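User: I'd like to learn how to read domains, contacts and strand pairing in a model like this one. Could you walk me through it?

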Amino acid sequence: MAVNLQPREVASEGIAGETAPVPGVVRRRRRRVRGIVEIALLTVLAVIMLFPVVWMLETSLKDQRDIYAVPAKVFDFSVTLDHFKNVFASDSPVVEGFKNSVIVAGSSTILATLLGVPAAWAYSRFKIRAKKDQLFFILSTRFMPPVVVVIPIFLMYRDLGLIDTTLGLILIYSAFNLPFTIWMMKGFVDEVPAEYEEAAMLDGYSRVEAFHRVTLPLLVPGIAATAVFALIFSWNEFVFAVFLASSDAARTAPPAIAGLIGGTTIDWGLVAASAMTFAFPVLVFAFLVRKHLVAGVTLGAVRR
Amino acid sequence: MAEIHIQGLRKEFPDGTVAIEHLDLHIADGELFVMLGPSGCGKTTTLRCIAGLERQTSGNVVIGGEIVDDLSASERDIAMVFQFYALYPHMTCRDNIAFPLRAQGKPKAEIDAAVAEAARMLRLEPLLDRRPKRLSGGEQQRVALGRAMVRQPQAFLMDEPLTNLDAELRADMRTELKHLQQRLGTTMVYVTHDQVEAMALGHRIAIFDHGRLEQVGTPMEVYERPASLFAARFVGSPPINLLDVELTNGALTAAGGLRVTAPDGLRRGDKVIAGVRPEGLTLLPPGAEDAVGARVISREALGDETIYVVEAPCGQLHVRMPPTAPYAEDAPVAVRFQGGAPPVYDAASGKAVAG
């Protein structure tokens, strides 16, 4: 470890008169090689990961002939927006699905937020008997994969007349989003000092008013991030949607798009355009709350 | 403006911790009352019980002649300043100060006038449209004070409000706070763990330890006649000298023969602990009459006075001397007691016995 005894600059530049590369130079070269290898590996990874997305995007923009061209035309195809027009045409089999998706995802997110935020506040602020057990129980409702519970829920829904209704989907998505909302929001509420509310109570406001006027405004970024997560879940959900809402009236976009595949001829252009349309809102929302996505992972980070 | 009575207050937390064992206090109308003690002594819990943020296990809190046990914090008409100020970060200073008045539904003109008046008193006018984040610690402190006083509450509760300021600013704010309380004449209950702050501010000081009240008295009473060993140790800097002494020949004698004036009411042979303040001792050249030999361990020249720590047969002693005292470190000296009889304590109970 003699190298470490002399200043770094001297070590890396070598001592005058020496011809063989000194350890510092070797180290620097090694670091550069490592950087190149890293970039190369990441590039390969990115190509593999993005290939299906790029392929889908291209398919949605190619005209019918180019889609089936062999060998595939990756760069030199003529661009058309006809498939996107078809997605929103009045006789499109998916346009109704998009409408339902907006209603179901929006409503269930609002419902989960309206119920989850006050619950999270209560769990954060009050002494509640067996609080940890209760919170664990709430989270445990998410342990079961939808596929496992969908049959009993189907039977219950049949008796309640909720099959093939948007209301049914709104309720089941709210129930699925609520535990997540409570857990994530509790992290955000914990970050807001209880003293703010206490100060507001001493200033003459009731506890609920104190929450409403002081804590709630400070929770807005957290609520936005949590709601986007819930929205993305509801928007993307497939299993419940395919089992509980199969008629056109209630069917959401994921089963509607899946329904395009099958039958004798498949309009791949329409499938790709529908899928792109479907993915777009999620990408936008994820981009908008990207900072909070990280914060959400560490559970709560209100900037003060 | 109101007096505050605390009657038989007890607070036990659900996990079994007893924060306050049993507390009776009477805080007079217009008084600046300081609750002093180390962290975990129950002073903040007492304050929170008065505020209504914490519900006592038993006992009563009476504000202005009314039992307020069943009133929520918002109904008690008292204002509190928190250690971390708790200014609402999403509101400007103006809105922070106006917030309690808005709760009362006062007309806008009245609110504006009251905020302007508070801002003038606290020299906050140029800062009113800023958010708390953009203020210094001292400015945030003043906004918190403004929010507390704007409503003219029955009492102010202060929870270590100066702890987060740097030393210089703390002294300034202390003066300002005292002056403000005098001008407004509002009852103020002030919690701190800083004995200098307590001595400087309080009309009376209550010393807490382990959920019990050790002593209530004026700053000078607390300093000169601490009611217990704990109170004696907690107040005063440099610390009090606690000497194991025995009553012989009409004086309290410590190991090595240091003689201390005995208070009345002790019997010959009684063994007690005498609490002698650093100014109750003086240093003399070695061999002086009526003094015991000692050696200087350290010397802190503070300018207006010099604090000596000397090693005597009865242990290490703090001695406060004028800056002219000529003794160097490691020099041999003699220590003599001066002044009237000091308070003495029973070693087992830690309580004052005679004097």
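**Domains, contacts and hairpins**

Analyst: Happy to. Chain A is assigned two domains, domain 1 (2-80) and domain 2 (85-297). Keep in mind that this is a predicted model.

User: How many Å separate the centres of domain 1 and domain 2 of chain A?

Analyst: Taken over C-alpha atoms, the centres of domain 1 and domain 2 of chain A are 38 Å apart. Domain 1 of chain A brings 7 residues to the contact, and domain 2 of chain A brings 6 residues.

User: Which elements supply the side of domain 1 of chain A that touches domain 2 of chain A?

Analyst: Helices α2 (23-61) and α3 (64-67) of chain A each supply at least two residues there. The largest share, 4 residues, comes from α2(A). Sorted by class, this side of domain 1 of chain A has 3 nonpolar, 3 polar and 1 charged residues.

User: And how should I read the contact between the chains?

Analyst: In general, the size of an interface is often given as the accessible area lost when the parts come together. Here we can count residues instead: 16 residues from chain A and 19 residues from chain B take part. On the side of chain A that touches chain B, α9 (194-202) and α10 (207-236) of chain A are the elements that give two or more residues. Of these, α9(A) gives the most, with 6 residues. By class, that side of chain A has 9 nonpolar, 2 polar and 5 charged residues.

User: Now the strands, please. In which sense do β11 and β12 of chain B pair?

Analyst: Strand β11 (residues 241-248) of chain B pairs with β12(B) in the antiparallel sense, over 4 bridges. One bridge joins Thr248(B) to Ala251(B) in β12(B). The two strands form a hairpin with 2 residues between them, and Asn249(B) in the turn has a positive phi of about 50°.

User: What does β12(B) pair with over 3 bridges?

Analyst: That is strand β13 (residues 259-261) of chain B, and this pairing is antiparallel too. Thr253(B) has Arg259(B) in β13(B) as its bridge partner. The hairpin of β12(B) and β13(B) has 4 residues between the strands, and Gly256(B) takes a positive phi near 90°.

User: Which residues are on the covered face of β12(B), and which on the uncovered one?

Analyst: In β12 (residues 251-254) of chain B, Leu252(B) and Ala254(B) make up the covered face, whereas Ala251(B) and Thr253(B) make up the uncovered one.

Definitions and conventions
Residues are numbered from 1 along each chain as its sequence is written. Chains are lettered from A and ligands numbered from 1 in the order in which they are written. This is a predicted model: local features need pLDDT of at least 70, side-chain atom pairs count only at pLDDT 80 or more; totals for chains, interfaces and linings use all residues. A residue is buried if 20 or more other C-beta atoms lie within 10 Å of its own, exposed if 12 or fewer, and partly exposed in between; C-beta atoms are placed from the backbone. Two strands pair if DSSP finds at least two bridges between them. Two residues are in contact if their C-beta atoms, placed from the backbone, lie within 7 Å. Ala, Val, Leu, Ile, Met, Phe, Trp, Tyr, Cys and Pro count as nonpolar, Asp, Glu, Lys and Arg as charged, and the others, Gly among them, as polar. Domain bounds come from an automatic or database domain assignment.
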